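Please work through the following exercises with the sequence and the model side by side. Each task sentence is followed by a solution that goes step by step.

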Amino acid sequence: MQNQFGKVSKLNLEASFRDGKTILGDISFTAPFKVMRPFYEKKDRMSVMLLTASAGILSGDCQEIRICVKEHAHMELLSQAYEKIHRMEEGFASRKVFICVEDHASLHYMPLPVIPFRDADYRSEMEVELKGPTSGFALLDVLSCGRAAHGEAFQYRRLENRVTIRQEGRMIYRDLTRYEPEWMDMQGFGLYEGYTHLGNLVICNGHKTEDWVKRVRSRIDDAEGMEGGVTETAHGDAAVRILGRNAEKMTALLQNILADEKL
């Protein structure tokens, strides 16, 4: 499907390390993507904020994002605003993300929450390649039920998200999320269980300890209006999943958990 711009919307970013500092070594993008000038609020990494010159994602939109973090570079990718997936009378929108992180480098991929409108159909896919044993990666995402105040809770048609992470060619994490509310009891047992937001945090190659896991569980237990847990993958990485009712509070909690990880 072609989008309103008549072609695939593309974003290419390359983070490099030069003179003791992570810099944006290469960048290119097409409409509606734009990128804010990098900033350095966190001493240990460069922050890049993705902007979009549109009101949200529409039917037929097709986006491709490629990010490469070179050796010794450390970067986080943020977004300007919540991702609005607009109503679609037909068709769907799609996004593909390709990420490469070299040795002794890391990327925090941290967009703001996704809001699917009534009848939205959005399909995304992320492939991550960690080139070396010290390549670090963190994925933070929050998905809402939709515009609940407008009576659109779980009124979207379909949401699909595939994430595959490989390290030195070996698959270490894979997740497929596919929701079709027409056929699923979204607020039932095993899904949202009465909550409205789902938060995920995956951390690869952090230096987790038993004390860190206990702190994460304690933070989730102490968080008002939220439930969740943390688990260790077969590869020794961490996956955190939380249910709640407030996107801002959930995002802040996941960001604080990540900030406590030395990655």
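**Exercise 1: the cavity**

The structure holds one cavity of 30 Å³ or more. Here a cavity is a set of points on a 1 Å grid over the protein atoms alone where a 1.4 Å probe fits but cannot get out. This is a predicted model, in which local features need pLDDT of at least 70 and side-chain atom pairs count only at pLDDT 80 or more, while totals for chains, interfaces and linings use all residues. Residues are numbered from 1 along each chain as its sequence is written, and side-chain values use heavy atoms, with hydrogens and water left out.

Task: state how much space lies in the largest cavity, and which residues line it.

Solution. Begin with the volume, which is the space filled by probe spheres set on the grid points, these being joined across faces, edges and corners; for the largest cavity it is about 40 Å³. Next, list the lining residues, meaning those with an atom within 4 Å of a point: they are Pro32, Thr52, Ser54, Gly56, Ile57, Gln63 and Glu83. Finally, sort them by class, where Ala, Val, Leu, Ile, Met, Phe, Trp, Tyr, Cys and Pro count as nonpolar, Asp, Glu, Lys and Arg as charged, and the others, Gly among them, as polar; the lining then has two nonpolar, four polar and one charged residues.

**Exercise 2: a cis peptide bond**

Task: describe the peptide bond from alanine 31 to proline 32, and say where proline 32 is placed.

Solution. The omega angle of this bond is near 5°, and the bond is cis. Proline 32 belongs to the loop between strand S2 (21-29) and strand S3 (33-35), where strands are DSSP runs (E, at least two residues) numbered from the N terminus. Pro32 is also one of the residues that line the largest cavity.

**Exercise 3: two residues compared with the cut-offs**

Task: decide whether threonine 164 and cysteine 145 are buried or exposed.

Solution. The cut-offs are under 20% relative accessible area for buried, over 50% for exposed, and partly exposed in between (1.4 Å probe, protein chains only). Threonine 164, found in strand S13 (residues 158-167), has a relative accessible area of 8% and is therefore buried. Leaving aside neighbours within four places in sequence, threonine 164 is in contact (heavy atoms within 4.5 Å) with residues including Met126, Val128 and Tyr173. Cysteine 145, in the loop between strand S12 (136-144) and S13, has a relative accessible area of 1%, so cysteine 145 is buried. Residues that cysteine 145 touches, not counting those up to four places away in sequence, include Pro116, Phe154 and Thr196.

**Exercise 4: positive phi**

Task: say what the phi values of histidine 104 and aspartate 119 are, and where these residues are found.

Solution. Histidine 104 is not a glycine, yet its phi is positive, near 60°; histidine 104 is found in the loop between strand S8 (93-101) and strand S9 (106-110). Its relative accessibility is 37%, so histidine 104 counts as partly exposed. Aspartate 119, also not a glycine, has a positive phi of about 70°, and aspartate 119 is found in the loop between strand S10 (114-116) and strand S11 (121-130). At 22% relative accessibility, aspartate 119 counts as partly exposed.

Definitions and conventions:
On a 1 Å grid over the protein atoms alone, a cavity is a set of points where a 1.4 Å probe fits but cannot get out, and a pocket is an open set with protein on both sides within 12 Å along at least five of seven lines; lining residues have an atom within 4 Å of a point. Helices (H or I, at least four residues) and strands (E, at least two) are DSSP runs, numbered from the N terminus.
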